[in-house]
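Visitor: Could you walk me through this model, starting with its pocket?

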Amino acid sequence: PLYLPIIYNVGEGTLYCLDTSQMNEEGECPVVAWPLGGYEETPVLEIIAEDFGKFFLDMVERQIEYKKEARVCSDKY
């Protein structure tokens, strides 16, 4: 649906979308998981983050942690 613009493809069939039908008073909307098969088969979507800012910060922090772990692993060998 048009009110669920896709912002990230997880890669295993799940898409992360902004649920613009749930805007708060600040004009922010939650990031939701849209599973393989689409919304029609799963009418209640899992909220991944309260808003895009929290979602983006979490993605950046995860990537930093992943890079740190990869560096530690490569230093061991």
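Visitor: Which residues line the largest pocket?

Guide: This is a predicted model, where local features need pLDDT of at least 70 and side-chain atom pairs count only at pLDDT 80 or more, while totals for chains, interfaces and linings use all residues. Residues are numbered from 1 along each chain as its sequence is written, and side-chain values use heavy atoms, with hydrogens and water left out. A pocket is an open set of points on a 1 Å grid over the protein atoms alone, where a 1.4 Å probe fits, with protein on both sides within 12 Å along at least five of seven lines; lining residues have an atom within 4 Å of a point. Here the lining is Y8, V10, Y16, I48, A49, K54, F55, D58, M59 and R62.

Visitor: Which element gives the largest share of that lining?

Guide: β4 (46–49) and α1 (52–76) each supply at least two residues; helices (H or I, at least four residues) and strands (E, at least two) are DSSP runs, numbered from the N terminus. The largest share, five residues, comes from α1.

Visitor: Is T14 buried or exposed?

Guide: T14 sits in the loop between β1 (6–9) and β2 (15–18). Buried means under 20% relative accessible area, exposed over 50%, partly exposed in between (1.4 Å probe, protein chains only). With a relative accessible area of 13%, T14 is therefore buried.

Visitor: Which residues does T14 contact beyond four places in sequence?

Guide: Contact means heavy atoms within 4.5 Å. Leaving aside neighbours within four places, the partners of T14 are Y8, N9, A33, W34 and P35.
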